[in-house]
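Here are some notes for a colleague who is going through this entry. The points are numbered and can be read in any order.

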Amino acid sequence: MTLNQLQYFQTVARCENYHLAASKLYISQPSLSKSINALEKELGTALFERIGRSITLTKSGALFLKYADQILNNCDVALYKMKELSNAGGRIDAGYVFPLAGDYIPRTVKAFLKTQKQEEKIIFSFTQDVTDGILSGVRTGRLDVGFCSCEKRGDDLEFFPVTRQNMVMIVPTDHPLAEREEASIIELKNYPLIGYHRSSMLNHHTRRAFQAFNIQPEIVCECPDEYAIQSMVRAGFGVALVAASAVEKNPSGIRVLRLSDMSLPYQIYMIYLKDRWRLPCVSCFIDFIKNNAIAPD
């Protein structure tokens, strides 16, 4: 069985006509028929049956077409990847947590692309997720590189610190604390709190801070990201601790307060697999991050 035979078979199956298929393949109809007959003989089953002047797939042919499509599609993907390797361009699959979406990721990627030649055509594909999702994506190869926090490190991953996210308190503009510039974390126990979803690393980060001050805030709801948290705060459901870089600039309906009694930094790492072959553009991006760590303004 050859790739040509698979392509011939796929084309005949799509056209349901030998003459039309031969025309599309730029071969003679007898040569096409001979190739299909040889394939059927090798497989030990008929792939087509005639119905009037047309042909249609047999049950075996319909099943074989699924596998032929998969094989030919994989060949196309492999060809595309090999063409990527022939130059410095290619695709970088990167994942990040929500606090980095507004500033760090756009600013860093823009700075990196400015160092590359325009003809290299590097394309970024972004995924926004919680830390566990990003770690899983890096480990399975779905992501080339991830930007997130991490508490449990594995020997299979490299961790490079890139920035620290400070935490701030946000309250509605009509809240009793809204006229102040800063507030104590202990004051959170006096008001309903909007927290991060339990799958978020920031949920664990903020809960450890509560435990350190021996406070048990009244958590009224948990949200997946800072956008949802800010919306709930703006609507008056409560107050929240969030990553400063994720807060909208000059947000309407919200006041941003510094923490007066503690520093609550949140370390972000660039994460990638150890000892793994990478596209040149991915390696170039990783080296750029290491050499040009860009902290938030």
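**Notes on the predicted model**

1. Helix contacts. In H1, the residues Gln-7, Tyr-8, Thr-11, Val-12 and Cys-15 meet Tyr-18, Leu-20, Ala-21, Lys-24 and Leu-25 of H2. The model is a predicted one, and the points below should be read with that in mind.

2. Helix geometry. H1 covers residues 3-15 and H2 residues 18-25; their axes come within 8 Å and cross at roughly 130°. H1 and H2 are therefore oblique to each other. The crossing of H1 and H2 is right-handed.

3. Hairpin. Strand S1 (residues 48-51) pairs with strand S2 (residues 54-57) in the antiparallel sense, over four bridges. Within this pairing, Glu-49 has Thr-56 in S2 as its bridge partner. Two residues lie between the strands of the S1 and S2 hairpin, where Gly-52 takes a positive phi near 70°.

4. Open sheet. Four strands form an open sheet in the order S8-S12-S7-S11, and the pairing is mixed. Strand S8 (182-183) and strand S11 (240-243) are at the edges with a single partner strand each, so one side of each has no neighbour in the sheet. S11 runs antiparallel to strand S7 (residues 167-172), and four bridges join S7 and S11. The bridge partner of Met-167 in S11 is Ala-243. As a general point, side chains in a regular strand alternate between the two faces of the sheet.

5. Cysteines. How many disulfides does a search of the whole structure find? The search finds zero. For Cys-223, the closest cysteine sulfur is that of Cys-221, at 4.3 Å, which is too far for a bond, since a disulfide needs the two sulfur atoms within 2.5 Å. Cys-223 counts as buried because its relative accessibility is 5%. Cys-148 is also buried, at 0% relative accessibility.

6. Asn-214. Phi of Asn-214 is near 55°, a positive value in a residue other than glycine. Asn-214 sits in the loop between helix H7 (201-212) and strand S10 (218-223). Is Asn-214 buried or exposed? With 72% relative accessibility, Asn-214 counts as exposed, the cut-off being over 50%.

7. Asp-275. Asp-275 is not a glycine, yet has a positive phi of about 50°. Where is the place of Asp-275? Asp-275 is in the loop between strand S13 (266-273) and helix H9 (280-291). The relative accessible area of Asp-275 is 82%, so Asp-275 is exposed.

Methods
Residues are numbered from 1 along each chain as its sequence is written. This is a predicted model: local features need pLDDT of at least 70, side-chain atom pairs count only at pLDDT 80 or more; totals for chains, interfaces and linings use all residues. Side-chain values use heavy atoms; hydrogens and water are left out. Two strands pair if DSSP finds at least two bridges between them. Buried means under 20% relative accessible area, exposed over 50%, partly exposed in between (1.4 Å probe, protein chains only). Axes are lines fitted to C-alpha atoms, for helices over the stretch in contact, and angles run from 0 to 180 degrees between N-to-C directions. Angles under 35 degrees count as roughly parallel, over 145 as roughly antiparallel, 65 to 115 as roughly perpendicular and the rest as oblique. A crossing is left-handed if the near helix is turned anticlockwise from the far one by less than a right angle, and right-handed if clockwise. Contact means heavy atoms within 4.5 Å.
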